[in-house]
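Hello,

I am passing this structure on to you. Please open it first, then read the notes below.

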Amino acid sequence: MNQSWKKKISYIALIVLGLVLIPVTYTMATYNLDPKNVTVTFSENDTAYFSDLNQTDVDVYFYQIAQMDANGDFDINDAFTSFATESDETHTIDYLISNADQTQIVTSDLMLQYSNDLVEFIENAKESGNEISYTANGNISAKSASEIPKGTVDVVPGLYLIVVPNVKTPYHEYQFTPSMAFIPNSTEVELKAKQSELTADLTITKTLQTYDNLTGQPMFVFDVNATDENGNVVFSDVVGLSFDEAGAKSATITGIPAGSTVTIEEIYSTAAYTITSSSALITLEKITPNEDNVAEFTNDYTHSLVFGTGVVNHFSVKEDEQATGETIYSWEWSQQE
């Protein structure tokens, strides 16, 4: 199927000299179809917040939706002739190409809808056994935290879908918005990314070397705080471990922002037991989801007949959305024995 997103203009002048008609035809110049060097980079609005992304290699994939010929016409690739957006079946590739120069029709929102639906179209084709291969790919090489990295991809003129798989850094995950570009009209593509915070787990292990049932079931309480690189508290919790015999017990805390520095301090133990490990305070620097983040403490019986036990109270914020749309916040209390 051959469609043009630019109207070709030809004029025929008829010059009448007696009985002689002389046709004179003017045609538009042909396009250069050599591969174009397309620069791919991150949106400048994002880089101030995405310093770890700047230091990560990112793969970029170009899917050719239609190829342009020397006259400026576009031949839609067979794999996409049946495509239409989910919201409007008239929004086909042919519709997009035919109206490409009509900015009141082909808006940025419409291009985004095409991009998202094309990604889903390609995924569905793969699931049905009709995988659509990308046409070209490139790489944005890692730079320094403050330097915006760039990459280049060589592609022949045409309409392209640009896709970037999700990227994980030690502390964040980045999801990229797919985009479309008419090449050679566009020779630089800016990728927009959404940052999601990764979280890590922390395991606190307590070993009780000796136990005396005459002093009750001892409770050991730990204060857990996590701070970001600026010293702001981003996580706080209190955890207790209760014993009815000698041995080791553990408690795992989830949802701690990755990249934070975590301090774990034993703030309470019953009077009959004392800490025998090196310190009651342990600091873990810049924890990540891929590591075993463990804080280990050891206590022993002091042979002091002092009865003691305890409980740990947890307070969390409860959100209750009203029919009016208003959200009411309240404290929710629970107790760990």
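One definition before the findings: a pocket is an open set of grid points with protein on both sides within 12 Å along at least five of seven lines, and its lining residues have an atom within 4 Å of a point. Helices and strands carry the letters H or I and E, and are numbered from the N terminus.

Please keep in mind that this is a predicted model.

I looked at the second largest pocket. Its volume is about 370 Å³. It is lined by 17 residues, and those closest to its centre are Tyr 63, Val 119, Ile 122, Glu 123 and Val 163. Three elements each give at least two lining residues: strand E5 (58-68), helix H4 (108-127) and strand E9. Which of them supplies the largest share? That is H4, with six residues. As for residue classes, the lining has 11 nonpolar, four charged and two polar residues.

**Confidence**

The mean pLDDT of the chain is 82, and 80% of the residues reach at least 70. Two stretches call for care. Residues 1-26 stay under 50 in pLDDT, and the model gives them 51 contacts beyond four places in sequence. Residues 329-335 are also below 50, with 22 contacts beyond near neighbours in sequence.

Strand E4 (residues 36-42) pairs with E13 in the parallel sense, over four bridges. Within this sheet, Thr 39 has Glu 188 of E13 as its bridge partner.

Another open sheet, also of three strands, runs E10-E11-E14 with antiparallel pairing. Strand E10 (167-168) and strand E14 (193-197) each have a single partner strand, so one side of each has no neighbour in the sheet. Strand E11 (residues 172-176) is joined to E14 by five bridges, and the two run antiparallel. Where does Tyr 174 find its bridge partner? In E14, at Gln 195.

Best wishes

Terms used: Residues are numbered from 1 along each chain as its sequence is written. This is a predicted model: local features need pLDDT of at least 70, side-chain atom pairs count only at pLDDT 80 or more; totals for chains, interfaces and linings use all residues. Side-chain values use heavy atoms; hydrogens and water are left out. pLDDT is the predictor's confidence in each residue, from 0 to 100. Contact means heavy atoms within 4.5 Å. On a 1 Å grid over the protein atoms alone, a cavity is a set of points where a 1.4 Å probe fits but cannot get out, and a pocket is an open set with protein on both sides within 12 Å along at least five of seven lines; lining residues have an atom within 4 Å of a point. Grid points are joined across faces, edges and corners, and a volume is the space filled by probe spheres set on the points. Ala, Val, Leu, Ile, Met, Phe, Trp, Tyr, Cys and Pro count as nonpolar, Asp, Glu, Lys and Arg as charged, and the others, Gly among them, as polar. Two strands pair if DSSP finds at least two bridges between them.
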